[in-house]
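Reader: I'd like a close look at the aromatic residues here. How are their rings arranged, and what surrounds them?

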Amino acid sequence: MQHLFHKELEQQVFLGGFTPSNRFVRAAFFKEYINKAKNEEEGITNIWQILSTVRIPKGVVIEDSEGEDYTEYLAGICLESRSFYFTPYENNRITKVRLTDELIDDGNVVIFEAPRNQSYYSPEGVIDRNDTITTIKEVIELLDDIKTTKKGQIEGKNKDILENVDDKFLKENISNIKEFLDVIEKNK
């Protein structure tokens, strides 16, 4: 696969260092050629992608007199929604603050703290609801849990549904449902 770059800027953009002028040229290049955003969310994503090409990690640039130079935070603003976005060095999650009329008219300085510790999004698996076999397996697991749980201990989102479940129905039908599921699995 051949990559096409604008040759006149290629050397400055990709071989550039961390001097302010090199970083400015790199950011200007990416801003010029990145796909244009269709909405605010895409715009902020574009800004963060561009800024990530010019941020300085700790330890990469050492100054003569004052120690290391690094990017302390990234920031962007959407003027239409009056939303301010920022990310401190220690945490890559973007924090959004909306500048409301009350905040602007109040006249007092308001300090917004961004979480300094790195935070992570840990997704939980979602079962495909179009998969009949998976859904039946879920129901069987739920029924097994109900069968071994005393009615007074049922909690959570299924409590209302499960309060009217008849223990006799569960005991009589779980084995039939499991057998039915085995037949379906074998005939796939």
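Author: Start with Tyr33. Its relative accessibility is 40%, so Tyr33 counts as partly exposed (buried is under 20% relative accessible area, exposed over 50%, partly exposed in between, with a 1.4 Å probe and protein chains only). This is a predicted model: local features need pLDDT of at least 70 and side-chain atom pairs pLDDT 80 or more, while totals for chains, interfaces and linings use all residues. Numbering runs from 1 along each chain as its sequence is written, and side-chain values use heavy atoms, without hydrogens or water.

Now the rings. There are four aromatic pairs in the structure (ring centres within 6.5 Å, with the six-membered ring for Trp; planes under 30 degrees apart are stacked, over 60 edge-to-face, the rest tilted).

Next, Tyr70 and Tyr89. Their ring centres are 5.1 Å apart and their planes stand at 75°, so this pair is edge-to-face. Tyr70 sits in the loop between strand S2 (67-69) and strand S3 (73-78), and Tyr89 in the loop between strand S4 (83-88) and strand S5 (95-98), so the pair ties together parts 19 residues apart in sequence. Tyr70 is partly exposed, at 24% relative accessibility. Tyr89 is also partly exposed, at 25%. Tyr70 has another partner. Lys58 lies over its face, 4.8 Å from the ring centre (NZ of Lys or CZ of Arg within 6 Å of the centre and within 35 degrees of the ring normal).

Now helix H3. Its buried residues are Gly43, Ile44, Asn46, Trp48 and Ile50. These pack against H2, S3 and S4 (contact means heavy atoms within 4.5 Å).

S3 and S4 bring in one backbone detail. The loop between S3 and S4 holds Arg82. Phi of Arg82 is near 55°, a positive value in a residue other than glycine. Most residues other than glycine have a negative phi. Arg82 is partly exposed, with 28% relative accessibility.

Terms used. Helix = DSSP H or I, 4+ residues; strand = E, 2+ residues; numbered from the N terminus.
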